[in-house]
Amino acid sequence: MASDRLFGLVVLMTALAYIASATQIQTSFLQDPVGPKAFPMLVGAVAAISALVMIIKPDPSPQWPGVRTFGALFIALVVLVAYAYALKPFGFILPTAVTASILSYQISPRAIPAVFTGAGLSIGLFVLFKYALKLGLVPFPKGLFA
Amino acid sequence: MDIMSNLALGFSIALSPYTLMLAVVGCFLGTIIGALPGLGPSNGVAILIPITFTLGLDATSALVLMTSVYYGAMYGGRISSILLNIPGDEPALMTTLDGYPMAKQGRAGDALVLSGVASFVGAFLATIGLLIMAPWLAQVAYLFGPAEYFALYLLAFCTLGGVASNNQAKAAIASCLGLGIAMIGVDDNSGLPRLTGGNMHLADGIDFLVAIVGLFAIAEVFFFIEGHGKNSSIGVKLEKVVVPWRDIWLVKWTMLRASLLGFVAGILPGAGASLGSFLAYMSEKSIAGKEGGFGTGVAKGVAAPESGNNAAAGGALVPMLTLGVPGSGTTAVLLALLMTLNITPGPTLFTDRPEVVWGLIASLLIANVVLLLMNVPLVKFFVRILMVPAWILLPGVTMISFVGIYSLSGSYFDLLLMVAFGALGYVLRKLDVPTVPVILGILLGGHMEDALRRAMVLSDGDALYLFSSPIAIGFWIAAVLGFVAPMFLRGVLAKPQRVSD
């Protein structure tokens, strides 16, 4: 109940904001009858109506995980974001090994297999991508072994 | 005959050693992808697309590889359904209902071979159907103007929302989410940016591959973290594998009926393989009646959903190739592949690029035979691969997704977007909001708006033009029916729960 209502509310707000920003779209002198604003506004309106339906007639709430699992999910999210930033400056191997180990540990909390998984995946995938598929990956940051 | 000469052209392409090799590799990868729980056809094909792209395959080769993966995944899904009682992918859910009980009776080998043969029959008949239907539908599609296309896109969203999900409002929100995202970027007509919030990274729009990989592959990781990999339990043992000729003969009519039903379900825009296997199973169950013993591990219950599911997989290619409207989640991903390769599906594809279409159809026929050969004698090998634990598989999938998306654009912004889509996918699926309409919206949003705007240019702004032809009116009626009717049929169409041991 509550989760659907909350989600409906978020969608409603987003849809209204979306419509509002659609009204700000610049139009050019070359104008077709519909123009660049109408379709986004239509989409926003349909979303807003559906969100209202969800608020009025919510489904039963799903089973949300407990606080600890949420913590694990949040850590995974942070790690993935950090990985996205780290890939360029730190090369492929180190960030991949660390990220894969942490993800593996979050799925099955045993430290040693997780570390081996991370290291194995990082080196295995590097070899696969670099030599079999010929992608231009950088293994280590420049200057580390120079 | 026309079809024969076209097929000859197709086979001349498909039988080249290189294409043949791609088909075999695709079948092999596809079966593995389908078999592994957590990797289904849609996310499997999605993570492979960027890699294919960087390999620099030409259009025909890339398409042959990916459709072989697609067909292969449909075969592979049954393996974990039968042995672990975990559907390897969503359409294989119905196979657990009789496949797992049959395996528990010590007939795992029989169930695997039988479902493999049923898959072959379904996929084979559907490919024949495809090669007859598709050119014909392509002819009809020449009659479509912008008004008809607009109505057709609407129909796809409505049937997807109505038939394939449990709550219309949620499906509509998902479609709008996708359509809304598709609007971001530079407007083709005026050349001015829309809804980018001034962010330079968004000026090109959001790449659908980023969204697909995020929603399908990254979201899966979050689900496995939530479940702590509990889903990777060990199921029943596979003993000797022999061909159960008697059972195969027994289910011959079941396979035919299920294939026909699945094919039709697949053609419906937006319905897809899950609906195909569901309808096939339910209709066979009612034909067999109470004495049929469905749910206790009978041969018909194993054959019906597999024929239906594979036939629907072939059927879903018909609207994707002829109209550019995908019939399922995975064909939406294949459509993304076509768009990335700069191929516009639709009637002109058949006249402009016959080598792509007929090469594809011929390789599907070949892939199907390869898959039968692979899946019956080699089934033990795939069973061994199933034992890869989730704590190795899922981090691997994530890393491959990152490399794939990174190799497309080399921008960390796309990676961040992908993670964001992953988190979004987790929340959406938690709330039972379907994610396939989001993908369809991102893929088709631009085309849908374009159709509307061109229709209005033609009619000088008269909205009634949208209802001006019988074809368009038919689509509108079907769209409304497809969206509304399931509300009243919920009781009948309710999906049965999985066997809980």
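Val69(B) lies in helix 4 (residues 59-84) of chain B. Helices here are DSSP runs of H or I with at least four residues, strands are E runs of at least two, and both are numbered from the N terminus. This is a predicted model: local features need pLDDT of at least 70, side-chain atom pairs count only at pLDDT 80 or more, and totals for chains, interfaces and linings use all residues. Residues are numbered from 1 along each chain as its sequence is written, while chains are lettered from A and ligands numbered from 1 in the order in which they are written.

Why does Val69(B) count as buried? Because it has 31 C-beta neighbours inside 10 Å. A residue is buried if 20 or more other C-beta atoms, placed from the backbone, lie within 10 Å of its own; 12 or fewer make it exposed, and anything in between partly exposed. Phe350(B) also counts as buried, because it has 22 such neighbours inside 10 Å. Its place is in helix 15 (residues 347-352) of chain B.

Contact means that the C-beta atoms of two residues, placed from the backbone, lie within 7 Å. Leaving out residues up to four places away in sequence, Val69(B) touches Gly26(B), Leu29(B), Gly30(B), Ile33(B), Gly44(B), Val45(B) and Leu48(B). With neighbours within four places likewise set aside, Phe350(B) contacts Pro135(B), Ala138(B) and Val357(B).

The table gives one pair for each of these residues.

| Pair | Separation in sequence | C-alpha to C-alpha distance |
|---|---|---|
| Val69(B) and Ile392(B) | 323 residues | 22 Å |
| Phe350(B) and Lys252(B) | 98 residues | 34 Å |

**Chain A**

Chain A has five helices and zero strands. Along the sequence the pattern reads α-α-α-α-α. The chain is divided into domain 1 (2-56) and domain 2 (67-132), with bounds from an automatic or database domain assignment. The C-alpha centres of the two domains of chain A lie 38 Å apart.

The radius of gyration of chain A is 23 Å, whereas a compact globule of 146 residues would have one near 15 Å. That radius is taken over C-alpha atoms, and the globule rule is 2.2 Å times the number of residues to the power 0.38. Along the principal axes, the C-alpha atoms of chain A fill a box of roughly 60 × 50 × 25 Å. Of its 146 residues, 32% count as buried. Among contacts in chain A with a separation of 6 or more, 58% come from residues 24 or more positions apart.

**Where the chains meet**

How many residues of chain B are in contact with chain A? The number is 54, and they meet 56 residues of chain A. Several helices of chain B each supply at least two residues to this side, including helix 3 (41-55), helix 7 (168-183) and helix 8 (208-227). Helix 18 of chain B gives the most, with 13 residues. By class, this side of chain B has 33 nonpolar, twelve polar and nine charged residues. Ala, Val, Leu, Ile, Met, Phe, Trp, Tyr, Cys and Pro count as nonpolar, Asp, Glu, Lys and Arg as charged, and the others, Gly among them, as polar.

One helix pair spans both chains. The axes of helix 3 (residues 67-90) of chain A and helix 8 of chain B come within 9 Å and cross at roughly 150 degrees. Axes are lines fitted to C-alpha atoms, for helices over the stretch in contact; angles run from 0 to 180 degrees between N-to-C directions. Helix 3 of chain A contributes Thr69(A), Ala72(A), Leu73(A) and Ala76(A), and helix 8 of chain B contributes Val221(B), Phe222(B), Ile225(B) and Glu226(B). This contact has six nonpolar, one polar and one charged residues.
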